[in-house]
Amino acid sequence: MNVLRAPTAVAIGTRVHPDAHGVDSAAWDRLVGADNFYGSHRWVRSTHLASGGDPVVTASASGDLLGVLPTWPGEGGDDEMFSLPGILPDLAADGGGGADRQLWLGTRRSVRNELLCVRGPQRRPVLRALLGRALDLASDRGDDGVVMAYLAGQDALELAAAHPRARALLHSADTYLPVPPGGAGELSARTDQHSRTRRRSEMRAFQRTGTVVKISRLTEDIVGRIAYLIAQNRARHGSSGGPQAVLDALNAQRATGLLDDAVAFLGLRGPDLVAATVCYEHGDQLYARYFGYDYTRTAPTNEYFLLTYHAPLDYAAECGFRRYRTAISAWDVKVRRGARLTPLAAVVLPLRGAVCTPARQREHNITAAGRWRELARTHPLAMGPEWACWDSPLP
């Protein structure tokens, strides 16, 4: 066990566990914030059950768990979402990306990570200890460094500040919809006339198909049926996992109890299930995770809109949720439907040197933030004050 002396003279010990199973789940979840569903012990544990164990770095002092840092190998190669050249292509083009053999920090294939770490004066020493042990692990594995991508903006700044060679680089944006008391209808009523006309047209086209929306918990029967639909949708976007990989992930979630907090929005035409969206409840937030459609039967007619926006928003309003999180991708469509954007950044830390100079970091972040502001140019409410530090020079 590596030991670091914090300024408070409390010894912080770090340890590498083979997977999440060996870490006390209650102590882990005490570090999970209200927005950090994908950092929960049950979610990380389910990814290990489905895909095999990945090392987890922990930091403790006096028997108390102070920080947790899941790791995984990343995808590498040409994967645009989970390789360093994929998420930071301009940096790679500059020659600053280095070899793409990184140890990835955070939850496997998560597009929103947050830090699992205590608050207060111990936070930075704990983050420094976790990063140091992660670098040791990367060195032992023959990697070139570590990267924590899709990290909530403020957390990225805090993690980068814990090591002098770490750089926080803006690369994506998360989306969420504030849930109004009146659900989807109230949110639509707040938009411009063109958007309201378009929403009504989508609804009428959907209704002409005869598809009925049903809300259901994920029983074993439902899981088997929706896995086939989700796999079809993934295949259209380049995934080769197939229905069994989806089924394995959902069954692993059942084993960890995650499916107890899942809800499915189903599109039924008679007895046939043609579309489904799966969401998860966490605190006062609802998270959209999977969409599936049976493309072998018919072409879609706004099922994605009804099952991923309209029905979940009404459900969230009825249940008293504060936010509906809709994740990354299709940002322009989501912004037009009232979504807010929040910054996601990658913290990159090579074993030796730095991935770029502080000046290049500032230039990159100002340029990247400018692109997001342009995307939301006609929807100023989409970007809140948390963007200010990314499109102005950081000290």
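**Exercise 1. Identify which elements each supply at least two residues of the lining of the second largest pocket, and describe that lining.**

Solution. The model examined here is a predicted one.

Step 1. Helix 6, strand 13 (323-325) and strand 14 (340-350) are the elements that each supply at least two residues of this lining. The largest share comes from helix 6, which gives 4 residues.

Step 2. The volume of the second largest pocket is about 420 Å³. It is lined by 24 residues, of which Asp35, Arg112, Glu114, Ala152 and Gln154 are the closest to its centre.

Step 3. Sorted by class, the lining of the second largest pocket comprises 9 nonpolar, 5 polar and 10 charged residues.

**Exercise 2. Determine how helix 5 and helix 6 are oriented to each other, and which residues make their contact.**

Solution. Two numbers are needed at the outset, since two packed helices are described by the angle between their axes and the distance between the axes.

Step 1. Helix 5 covers residues 123-141 and helix 6 covers residues 153-161; they pack at an angle of about 75°, and their axes are 8 Å apart.

Step 2. Angles of 65 to 115 degrees count as roughly perpendicular. Helix 5 and helix 6 are therefore roughly perpendicular to each other.

Step 3. On the side of helix 5, the contact is made by Arg123, Arg124, Leu127 and Leu131; on the side of helix 6, by Asp155, Glu158, Leu159 and Ala161. In this contact of helix 5 with helix 6 there are 4 nonpolar and 4 charged residues, and no polar ones.

**Exercise 3. Carry out the corresponding analysis for helix 8 and helix 11, and state the handedness of their crossing.**

Solution. 

Step 1. Helix 8 (residues 193-208) packs with helix 11 (residues 303-319) at an angle of about 115°, with the axes 9 Å apart.

Step 2. Helix 8 and helix 11 are therefore roughly perpendicular to each other. Their crossing is left-handed.

Step 3. Arg199, Glu202, Met203 and Phe206 of helix 8 meet Glu303, Phe305, Leu306 and His310 of helix 11. The contact of helix 8 with helix 11 contains 4 nonpolar residues, 1 polar residue and 3 charged residues.

**Exercise 4. State how many cavities of 30 Å³ or more the model contains, and compare their linings by class.**

Solution. 

Step 1. The count comes to 2 cavities of 30 Å³ or more. The volume of the largest cavity is about 110 Å³, while the second largest cavity holds about 30 Å³ of space.

Step 2. The largest cavity is lined by 18 residues, and Val68, Leu69, Glu114, Leu116 and Met148 are the closest to its centre. At least two residues of this lining come from each of strand 4 (64-72), strand 6 (116-117) and helix 5. Strand 4 gives the most, with 3 residues.

Step 3. The second largest cavity is lined by Trp72, Phe82, Trp104, Leu105, Thr107, Ser110, Asn113, Ala149 and Tyr150. Strand 5 (102-105) and strand 7 (145-152) are the elements that give two or more residues to this lining.

Step 4. By class, the lining of the largest cavity has 11 nonpolar, 5 polar and 2 charged residues. The lining of the second largest cavity has 6 nonpolar, 3 polar and no charged residues.

Conventions: Residues numbered from 1 in each chain as written. Predicted model: local features only at pLDDT ≥ 70, side-chain atom pairs only at ≥ 80, totals over all residues. Heavy atoms only, no water. Axes fitted to C-alpha atoms, helices over the stretch in contact; angles between N-to-C directions. Parallel < 35°, antiparallel > 145°, perpendicular 65-115°, else oblique. Contact = heavy atoms within 4.5 Å. Nonpolar A, V, L, I, M, F, W, Y, C, P; charged D, E, K, R; others polar. Left-handed = near helix turned anticlockwise from the far one by under 90°. 1 Å grid on protein atoms, 1.4 Å probe; cavity = no way out; pocket = protein on both sides within 12 Å on 5 of 7 lines; lining within 4 Å. Points joined across faces, edges and corners; volume = space filled by probe spheres on them.
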